[in-house]
Amino acid sequence: MRNLLIGFWITSVMEVILQTQLPNEHVVLMNAIFGTLFLGVMVMWIWDGLKHPIANKKAFAWSMLGIIYLIGSTALMAVMLSFAATGNVLPMRIYMVAVPNLMNIEGGVVFLLLALIFHIFREKRAVALLLYSAFSLWMLFQSAQHGYSDIQWLMIFAVPLLALYNGKQGRKDKWFFYIFYPSHLAVLYIISTVFFNK
(Lines give C-alpha, C1' and ligand atoms only; values in the text may rest on other atoms or scores of the structure.)
Protein backbone atom coordinates (compact mmCIF):
# COMPACT_ATOMS: atom_id res chain seq x y z
CA MET A 1 0.00 0.00 0.00
CA ARG A 2 2.90 2.32 0.72
CA ASN A 3 4.05 2.20 -2.92
CA LEU A 4 0.53 2.98 -4.15
CA LEU A 5 0.37 6.00 -1.86
CA ILE A 6 3.78 7.20 -3.05
CA GLY A 7 2.66 6.68 -6.66
CA PHE A 8 -0.46 8.75 -5.89
CA TRP A 9 1.66 11.57 -4.47
CA ILE A 10 4.17 11.58 -7.34
CA THR A 11 1.47 11.49 -10.02
CA SER A 12 -0.62 14.17 -8.27
CA VAL A 13 2.35 16.53 -7.91
CA MET A 14 3.30 15.90 -11.56
CA GLU A 15 -0.26 16.76 -12.64
CA VAL A 16 -0.22 20.03 -10.68
CA ILE A 17 3.18 21.02 -12.10
CA LEU A 18 2.17 20.17 -15.68
CA GLN A 19 -1.09 22.08 -15.50
CA THR A 20 0.62 25.08 -13.91
CA GLN A 21 3.47 25.21 -16.42
CA LEU A 22 1.46 24.16 -19.51
CA PRO A 23 -2.14 25.28 -18.98
CA ASN A 24 -4.75 23.67 -21.20
CA GLU A 25 -8.35 24.73 -20.68
CA HIS A 26 -9.61 21.65 -22.57
CA VAL A 27 -7.84 18.97 -20.51
CA VAL A 28 -7.88 18.47 -16.75
CA LEU A 29 -5.50 16.02 -15.11
CA MET A 30 -6.81 14.61 -11.85
CA ASN A 31 -7.73 11.39 -10.09
CA ALA A 32 -4.61 9.30 -10.63
CA ILE A 33 -5.38 5.57 -10.57
CA PHE A 34 -2.91 5.06 -7.71
CA GLY A 35 -5.42 6.57 -5.28
CA THR A 36 -8.11 4.17 -6.50
CA LEU A 37 -5.75 1.21 -6.14
CA PHE A 38 -4.70 2.39 -2.65
CA LEU A 39 -8.30 2.66 -1.46
CA GLY A 40 -9.23 -0.54 -3.33
CA VAL A 41 -6.64 -2.51 -1.35
CA MET A 42 -7.89 -0.79 1.81
CA VAL A 43 -11.48 -1.82 1.08
CA MET A 44 -10.38 -5.44 0.54
CA TRP A 45 -8.42 -5.28 3.78
CA ILE A 46 -11.48 -3.88 5.60
CA TRP A 47 -13.67 -6.64 4.16
CA ASP A 48 -11.29 -9.37 5.30
CA GLY A 49 -10.95 -7.87 8.79
CA LEU A 50 -14.71 -7.60 9.30
CA LYS A 51 -15.34 -11.27 8.49
CA HIS A 52 -14.03 -12.60 11.82
CA PRO A 53 -14.20 -9.82 14.44
CA ILE A 54 -13.90 -12.16 17.44
CA ALA A 55 -11.34 -14.64 16.08
CA ASN A 56 -9.01 -11.98 14.67
CA LYS A 57 -9.35 -8.88 16.84
CA LYS A 58 -6.23 -7.22 15.41
CA ALA A 59 -7.50 -7.47 11.81
CA PHE A 60 -10.90 -6.23 12.99
CA ALA A 61 -9.27 -3.21 14.69
CA TRP A 62 -7.33 -2.39 11.50
CA SER A 63 -10.58 -2.67 9.54
CA MET A 64 -12.23 -0.18 11.87
CA LEU A 65 -9.29 2.20 11.36
CA GLY A 66 -9.73 1.78 7.61
CA ILE A 67 -13.42 2.68 7.87
CA ILE A 68 -12.56 5.73 9.99
CA TYR A 69 -10.00 6.78 7.34
CA LEU A 70 -12.51 6.40 4.49
CA ILE A 71 -15.20 8.40 6.27
CA GLY A 72 -12.87 10.98 7.81
CA SER A 73 -10.83 11.67 4.69
CA THR A 74 -13.98 12.08 2.60
CA ALA A 75 -15.64 14.34 5.18
CA LEU A 76 -12.53 16.50 5.29
CA MET A 77 -12.60 16.70 1.48
CA ALA A 78 -16.16 18.06 1.73
CA VAL A 79 -14.87 20.73 4.12
CA MET A 80 -12.10 21.58 1.65
CA LEU A 81 -14.70 21.94 -1.11
CA SER A 82 -16.63 24.42 1.04
CA PHE A 83 -13.43 26.49 1.41
CA ALA A 84 -12.98 26.34 -2.36
CA ALA A 85 -16.54 27.62 -2.86
CA THR A 86 -15.54 30.80 -1.03
CA GLY A 87 -12.63 31.32 -3.41
CA ASN A 88 -9.89 29.81 -1.24
CA VAL A 89 -8.86 26.82 -3.38
CA LEU A 90 -5.34 26.30 -2.00
CA PRO A 91 -6.35 24.08 0.97
CA MET A 92 -8.40 21.86 -1.37
CA ARG A 93 -5.57 21.59 -3.91
CA ILE A 94 -3.07 20.61 -1.23
CA TYR A 95 -5.51 18.10 0.26
CA MET A 96 -6.29 16.54 -3.14
CA VAL A 97 -2.58 15.98 -3.77
CA ALA A 98 -1.93 14.60 -0.27
CA VAL A 99 -4.92 12.43 0.66
CA PRO A 100 -6.71 9.89 -1.53
CA ASN A 101 -10.38 9.78 -0.57
CA LEU A 102 -13.73 8.75 -2.02
CA MET A 103 -14.19 12.13 -3.72
CA ASN A 104 -10.86 12.43 -5.54
CA ILE A 105 -10.13 8.97 -6.90
CA GLU A 106 -10.53 7.67 -10.43
CA GLY A 107 -13.92 5.98 -10.76
CA GLY A 108 -15.06 6.97 -7.28
CA VAL A 109 -16.94 4.56 -5.03
CA VAL A 110 -18.05 2.50 -8.02
CA PHE A 111 -14.50 1.38 -8.84
CA LEU A 112 -13.92 0.50 -5.19
CA LEU A 113 -17.02 -1.69 -5.34
CA LEU A 114 -15.67 -3.35 -8.48
CA ALA A 115 -12.37 -4.02 -6.69
CA LEU A 116 -14.28 -5.52 -3.79
CA ILE A 117 -16.38 -7.69 -6.13
CA PHE A 118 -13.22 -9.07 -7.73
CA HIS A 119 -11.81 -9.72 -4.26
CA ILE A 120 -14.92 -11.42 -2.89
CA PHE A 121 -15.38 -13.56 -6.00
CA ARG A 122 -11.70 -14.25 -6.68
CA GLU A 123 -12.42 -18.00 -6.49
CA LYS A 124 -15.54 -17.63 -8.66
CA ARG A 125 -14.21 -15.72 -11.65
CA ALA A 126 -17.33 -16.31 -13.77
CA VAL A 127 -19.49 -14.51 -11.19
CA ALA A 128 -17.02 -11.62 -10.95
CA LEU A 129 -16.86 -11.26 -14.74
CA LEU A 130 -20.64 -11.43 -15.04
CA LEU A 131 -21.04 -8.63 -12.47
CA TYR A 132 -18.29 -6.64 -14.19
CA SER A 133 -20.03 -7.07 -17.58
CA ALA A 134 -23.40 -6.11 -16.11
CA PHE A 135 -21.85 -2.95 -14.66
CA SER A 136 -20.27 -2.09 -18.03
CA LEU A 137 -23.59 -2.49 -19.82
CA TRP A 138 -25.33 -0.44 -17.12
CA MET A 139 -22.80 2.34 -17.82
CA LEU A 140 -23.65 2.14 -21.54
CA PHE A 141 -27.39 2.38 -20.90
CA GLN A 142 -26.94 5.24 -18.42
CA SER A 143 -24.87 7.09 -20.97
CA ALA A 144 -27.46 6.57 -23.71
CA GLN A 145 -30.43 7.34 -21.47
CA HIS A 146 -29.01 10.62 -20.18
CA GLY A 147 -27.59 11.77 -23.50
CA TYR A 148 -23.93 12.03 -22.62
CA SER A 149 -21.00 10.21 -24.12
CA ASP A 150 -19.37 8.24 -21.34
CA ILE A 151 -16.82 5.82 -22.72
CA GLN A 152 -16.33 3.98 -19.42
CA TRP A 153 -18.65 1.22 -20.62
CA LEU A 154 -15.91 0.21 -23.09
CA MET A 155 -14.25 -1.59 -20.20
CA ILE A 156 -16.43 -4.54 -21.16
CA PHE A 157 -13.81 -5.30 -23.84
CA ALA A 158 -11.38 -6.21 -21.06
CA VAL A 159 -13.53 -9.23 -20.11
CA PRO A 160 -11.77 -11.66 -22.49
CA LEU A 161 -8.38 -10.63 -21.10
CA LEU A 162 -9.61 -10.93 -17.52
CA ALA A 163 -11.07 -14.36 -18.34
CA LEU A 164 -7.64 -15.51 -19.56
CA TYR A 165 -5.97 -14.72 -16.25
CA ASN A 166 -4.63 -17.98 -14.78
CA GLY A 167 -4.44 -16.84 -11.16
CA LYS A 168 -0.65 -16.79 -11.12
CA GLN A 169 1.60 -13.81 -10.63
CA GLY A 170 3.12 -12.52 -13.84
CA ARG A 171 6.58 -11.16 -14.48
CA LYS A 172 8.07 -9.11 -11.68
CA ASP A 173 8.05 -5.78 -13.54
CA LYS A 174 6.10 -3.92 -10.87
CA TRP A 175 8.22 -0.77 -11.11
CA PHE A 176 7.37 -0.52 -14.80
CA PHE A 177 3.79 0.46 -13.91
CA TYR A 178 4.92 3.05 -11.35
CA ILE A 179 7.09 4.70 -14.00
CA PHE A 180 4.91 4.15 -17.09
CA TYR A 181 1.60 5.40 -15.65
CA PRO A 182 2.62 8.97 -14.72
CA SER A 183 4.95 9.18 -17.73
CA HIS A 184 2.25 8.30 -20.24
CA LEU A 185 -0.13 10.83 -18.66
CA ALA A 186 2.54 13.51 -18.94
CA VAL A 187 3.32 12.67 -22.58
CA LEU A 188 -0.35 12.63 -23.61
CA TYR A 189 -1.05 15.89 -21.77
CA ILE A 190 1.96 17.61 -23.37
CA ILE A 191 0.96 16.36 -26.84
CA SER A 192 -2.63 17.52 -26.39
CA THR A 193 -1.48 20.90 -25.08
CA VAL A 194 1.18 21.57 -27.70
CA PHE A 195 -0.65 20.24 -30.77
CA PHE A 196 -4.37 20.42 -30.04
CA ASN A 197 -4.88 23.34 -27.63
CA LYS A 198 -6.84 25.90 -29.65
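Let's start with tryptophan 62, which is partly exposed, because its relative accessible area is 43%. Buried here means under 20% relative accessible area, exposed means over 50%, and partly exposed is in between, with a 1.4 Å probe and protein chains only. Please keep in mind that this is a predicted model, where local features need pLDDT of at least 70 and side-chain atom pairs count only at pLDDT 80 or more, while totals for chains, interfaces and linings use all residues. Residues are numbered from 1 along each chain as its sequence is written, and side-chain values use heavy atoms, with hydrogens and water left out.

Tryptophan 62 sits in helix H3. Helices are DSSP runs of H or I with at least four residues, strands are runs of E with at least two, and both are numbered from the N terminus. Leucine 50 is 12 residues away from tryptophan 62 along the chain, and their C-alpha atoms are separated by 9.3 Å. That leucine belongs to helix H2 and is partly exposed, given its 35% relative accessibility.

Which helix gives the largest share of the nonpolar patch? That is H3, with three residues. Isoleucine 68, also in helix H3, is exposed, because its relative accessible area is 56%.

On to the aromatic rings. A pair of aromatic rings is described by the distance of the centres and the angle of the planes. Rings of Phe, Tyr and Trp (its six-membered ring) pair if their centres lie within 6.5 Å; planes under 30 degrees apart count as stacked, over 60 as edge-to-face and the rest as tilted. By this rule there are 12 aromatic pairs. One of them joins phenylalanine 34 and tyrosine 181 edge-to-face, at 5.3 Å centre to centre and 85° between the planes. Phenylalanine 34 is in helix H2 and tyrosine 181 in helix H8 (residues 174-196), so this pair links distant parts of the chain, 147 residues apart. Phenylalanine 34 and tyrosine 181 are both buried. Our friend tryptophan 62 pairs too: its ring centre is 5.9 Å from that of tryptophan 45, and the planes are at 35°, so the pair is tilted. Tryptophan 45 lies in helix H2 and tryptophan 62 in helix H3, so this pair ties together parts that are 17 residues apart in sequence. Tryptophan 45 is partly exposed, with a relative accessible area of 32%. There is also one aromatic cluster formed by Phe34, Trp175, Phe177, Tyr178 and Tyr181.

Next, the charges. How many salt bridges does the structure hold? It holds one, and a salt bridge here is a side-chain nitrogen of Lys or Arg within 4 Å of a carboxyl oxygen of Asp or Glu. Aspartate 48 and lysine 51 are the partners, at 3.6 Å from N to O. Aspartate 48 counts as partly exposed because its relative accessibility is 30%, and lysine 51 counts as partly exposed at 43%.

Let's look for empty space. Rolling a probe the size of a water molecule over the atoms shows where empty space is left. The largest pocket holds about 1,400 Å³ of space. A pocket, on a 1 Å grid over the protein atoms alone, is an open set of points where a 1.4 Å probe fits, with protein on both sides within 12 Å along at least five of seven lines; lining residues have an atom within 4 Å of a point. Grid points are joined across faces, edges and corners, and a volume is the space filled by probe spheres set on the points. The lining of the largest pocket counts 35 residues, and Leu37, Met44, Ala115, Phe118 and Leu162 lie nearest its centre. At least two lining residues come from each of H2, helix H5 (108-120), helix H6 (125-146) and H8.

Finally, the overall picture. The protein chain has eight helices and zero strands. Its C-alpha atoms fill a box of roughly 55 × 40 × 35 Å along the principal axes, and buried residues make up 34% of the 198 residues.
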